[in-house]
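Dear colleague,

Please find below the structure I promised to pass on to you.

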Number of protein chains: 2
Amino acid sequence: MATTSHPAPSFGASQARSEADNPSSLVMRFGPDKPLILESGRRIDHLQIGYQTYGTLNADRSNGILVCHALTGDQHVASTNPVTGKPGWWETMVGPGKPIDTDRFFVICSNVVGGCMGTTGPASTNPETGQPYGLDLPLITIPDMVRAQAMLVDALGIDRLYCVAGGSMGGMQVLQWAASYPDRVANALPIATGPRHSSQNIAFHEVGRQAIMADPDWRGGRYLAEDTSPRKGLAVARMAAHITYMSDEGLHRKFGRNLQDRDKVAFGFDADFQIESYLRHQGLSFVERFDANSYLYVTRAMDYFDLAADFGGRLANAFLGTKTRFCVVSFTSDWLFPTEESKSVVRALNAAGAKVSFVEVETDRGHDAFLLDEPVLFASVRGFLSASEGR
Amino acid sequence: MATTSHPAPSFGASQARSEADNPSSLVMRFGPDKPLILESGRRIDHLQIGYQTYGTLNADRSNGILVCHALTGDQHVASTNPVTGKPGWWETMVGPGKPIDTDRFFVICSNVVGGCMGTTGPASTNPETGQPYGLDLPLITIPDMVRAQAMLVDALGIDRLYCVAGGSMGGMQVLQWAASYPDRVANALPIATGPRHSSQNIAFHEVGRQAIMADPDWRGGRYLAEDTSPRKGLAVARMAAHITYMSDEGLHRKFGRNLQDRDKVAFGFDADFQIESYLRHQGLSFVERFDANSYLYVTRAMDYFDLAADFGGRLANAFLGTKTRFCVVSFTSDWLFPTEESKSVVRALNAAGAKVSFVEVETDRGHDAFLLDEPVLFASVRGFLSASEGR
């Protein structure tokens with residue numbers, strides 16, 4: 001049994017956020033007959049999924065595009081985010097007349113399991129205790145996120161998606177969709193991603209988690225029940241992560257060693273350089289919109305991702321016999337998911353005999369380029385989606 | 001007035017460390033007639049410098065080599081560290097028969113101003129209050145560190161150094177020595193360094209400082225007086241920094257996605273991957289030997305370093321007319337101080353008409369390669385120091 005409602009009634013993303021904060025999100029609820037069975041062997045009963053749709057599903061239900069969000073993203077891909085009041089995170093890409101054209105496609109985007117924007121996550125109420133889950137929520141993996149999305153797509157009556165698209169962790173989900181449900185994905189668009197999380201990326205995530213867990217206000221994950229919030233630790237985690245989303249050369253171009261509001265250094269520990277005040281702002285604004293425990297869960301899901309390991313250690317095995325058509329996109333200055341990671345996906349797809357094109361976009365904007373105004377990316381996505389329509 | 005004593009009698013590097021912990025270090029004390037005048041315009045009276053020497057100064061005092069340490073290094077370059085009980089940090093490079101051969105050279109290494117191993121730093125007693133300085137210590141810069149080293153070298157009766165050598169922040173000091181005291185440096189060996197701290201590097205330092213200052217046990221810098229210690233914040237700072245000392249490929253070779261003590265993931269937040277437990281160990285062991293406020297001061301000194309800015313914005317001006325001979329060394333996988341930074345130094349030295357050679361060492365060990373067993377580095381240093389002797 002699955003039911004949907006609007007507006008979203010019953011989740012709290014953080015102690016400061018009530019259901020009224022996310023009024024524009026749809027919520028799909030699954031009854032006890034439809035638990036989410038997790039990779040860990042555990043299960044989530046009473047799963048709910050916060051999601052958004054844009055455009056109109058056509059008569060034969062063949063124009064659905066699932067957009068998968070990144071680590072701290074959410075379902076508000078192409079409309080104002082009700083929590084931040086800012087535009088959707090991919091409005092440059094998704095909308096009427098945009099590369100993912102909502103005049104032609106029915107776009108679905110759902111908050112991942114473990115998240116904090118309406119889908120079951122550590123801030124959700126544990127039905128067994130009536131308290132927030134906290135760390136009692138079972139660990140979530142990328143395959144778990146994708147399995148939940150498939151439940152949503154089923155509930156929406158869509159058998160086969162025209163495309164699954166996403167960047168970064170969203171790209172991991174795209175690869176997982178293509179591997180788990182090859183017959184349900186006509187086109188796959190993994191952007192700025194890789195087939196596994198690298199040792200260095202795990203290391204950066206671990207620093208972020210340690211920063212959160214070092215904050216005494218984290219309270220062993222029970223901060224919601226104890227009416228505190230590990231804001232400082234979460235801000236530090238975000239600051240460290242944010243550096244990895246940019247590039248050395250991009251930072252140099254944007255900030256260099258420019259000082260903040262003065263001609264010479266202040267000989268102190270206040271934000272002296274513009275890059276410092278920029279990072280502090282990133283940290284502080286992040287804690288207003290994101291749940292600290294969700295950050296633990298979702299980073300962990302990325303760390304655990306290793307698609308080849310689930311297919312006998314050979315990535316090509318994940319795509320053997322696939323009919324899905326792929327367009328893989330990377331960015332030259334992305335050092336979080338370097339081009340080489342995308343190339344390893346392309347090699348595996350070729351070895352599996354898949355239809356695959358590869359675009360490496362020249363840019364100094366690092367990993368975050370996938371979210372930004374990158375004409376080559378837009379042209380590639382537009383071309384990829386249009387060409388497939390004529391088949 | 002300068003006096004030296006041995007063992008070191010009167011500094012505390014952190015609340016847990018007494019003077020007895022660093023018995024093997026020499027200490028040079030400067031009287032009130034010899035204040036250290038700082039770039040900020042402020043001054044340190046009663047400066048003391050913890051240092052070590054190896055080998056014998058020759059009759060004409062011409063065989064002195066000053067080794068400058070990196071961010072968290074100290075004066076124990078080639079003998080057991082009395083705090084950690086571990087070998088000196090550059091025993092592969094410095095010692096009898098080593099590339100910097102203590103059978104031939106008189107090697108001096110001093111703890112930087114702002115440090116916590118015997119030189120005046122934020123954990124030292126403020127003579128005006130009788131309490132630890134904490135944040136009342138004036139900010140320190142790389143030129144300040146070098147000016148203090150020059151006072152030490154003066155006090156040791158050495159007019160001209162045969163060589164100044166160092167990696168990372170030590171390399172910044174080498175460049176500063178060559179710029180500030182061209183007639184006192186016969187040979188300069190800056191390794192894995194750059195002429196300024198980049199925006200990305202400032203960003204990583206800022207994350208570390210924010211992690212320390214977010215720890216409630218930091219107490220606005222007064223943790224020594226209040227008998228606490230911001231251990232968790234300092235450990236997170238070290239973890240974040242440590243990632244930047246290695247390389248993506250080196251981490252992949254050393255750790256990959258190897259799991260810790262088990263065959264499959266634990267679906268939890270304990271250290272699951274080997275890289276996680278390695279990083280946690282780095283963080284925890286660091287807090288045993290380093291003072292949190294010193295970490296703030298010394299990172300800030302690196303951030304402020306911009307040699308060209310002090311010479312009219314043109315790096316070559318820092319070296320005009322120099323007679324110093326240079327050997328600049330970088331490492332291919334160092335992304336903290338990429339080869340391009342060293343090349344910019346080499347270009348400036350060439351533009352200034354200096355004698356300069358440049359070695360780029362091929363390695364996957366990242367920035368930390370300068371501390372490790374790198375045969376090309378050793379051969380280069382040995383050759384550079386030997387060739388100069390024959391002039």
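In which loop of chain A is A:R61 found? A:R61 is found in the loop between β5 (48-54) and β6 (64-68) of chain A, where helices (H or I, at least four residues) and strands (E, at least two) are DSSP runs, numbered from the N terminus.

Before going further, please note that this is a predicted model, in which local features need pLDDT of at least 70 and side-chain atom pairs count only at pLDDT 80 or more, while totals for chains, interfaces and linings use all residues. Residues are numbered from 1 along each chain as its sequence is written, chains are lettered from A and ligands numbered from 1 in the order in which they are written, and side-chain values use heavy atoms, with hydrogens and water left out.

**Backbone and buried sites**

Most residues other than glycine have a negative phi. A:R61, although not a glycine, has a positive phi near 55°, and with 39% relative accessibility A:R61 counts as partly exposed, buried being under 20% relative accessible area, exposed over 50% and partly exposed in between (1.4 Å probe, protein chains only). B:S168 is likewise not a glycine and has a positive phi of about 60°; B:S168 lies in the loop between β10 (161-167) and α2 (169-180) of chain B and is buried, with a relative accessible area of 5%.

Two helix residues may also be of interest to you. A:H242 belongs to helix α4 (residues 231-245) of chain A and is buried at a relative accessible area of 4%; leaving aside neighbours within four places in sequence, A:H242 is in contact (heavy atoms within 4.5 Å) with A:Y278, A:L279, A:Q282 and A:D368. B:G283, in helix α6 of chain B, is buried at 0% relative accessibility, and, not counting residues up to four places away in sequence, B:G283 touches B:A235, B:R238 and B:M239. B:G283 and B:G233 are 50 residues apart in sequence, with their C-alpha atoms 9.4 Å apart in space.

**How the two chains meet**

The contact takes 54 residues from chain B and 54 residues from chain A. Between them the chains bury about 4,700 Å², 68% of it on carbon and sulfur atoms, buried area being the accessible area (1.4 Å probe) that two parts lose on being put together, summed over both. B:R257, B:F267 and B:F269 supply 18% of the area that chain B buries against chain A, more than any other three residues.

There are 10 salt bridges between chain B and chain A, a salt bridge being a side-chain nitrogen of Lys or Arg within 4 Å of a carboxyl oxygen of Asp or Glu. One salt bridge joins the side chains of B:R280 and A:E206 (2.5 Å, N to O). The elements giving two or more residues to the side of chain B that touches chain A are α3 (199-214), α4 (231-245), α5 (248-254), α6 (274-287) and α7 (292-304) of chain B, and the largest share of that side, 12 residues, comes from α3(B).

**Salt bridges in the whole structure**

Over all chains the structure holds 38 salt bridges. A:E206, A:R209, A:R300, A:D303, B:D272, B:E276 and B:R280 are linked in a network of them. Within chain A, A:D217 and A:R219 meet through their side chains at 3.8 Å, N to O, in a salt bridge; A:D217 is partly exposed at a relative accessible area of 30%, and A:R219 is partly exposed at 32%. Within chain B, B:R219 forms a salt bridge with B:E226, the closest N and O atoms being 3.0 Å apart; here B:R219 is partly exposed at 32% relative accessibility, as is B:E226 at 34%.

With best wishes
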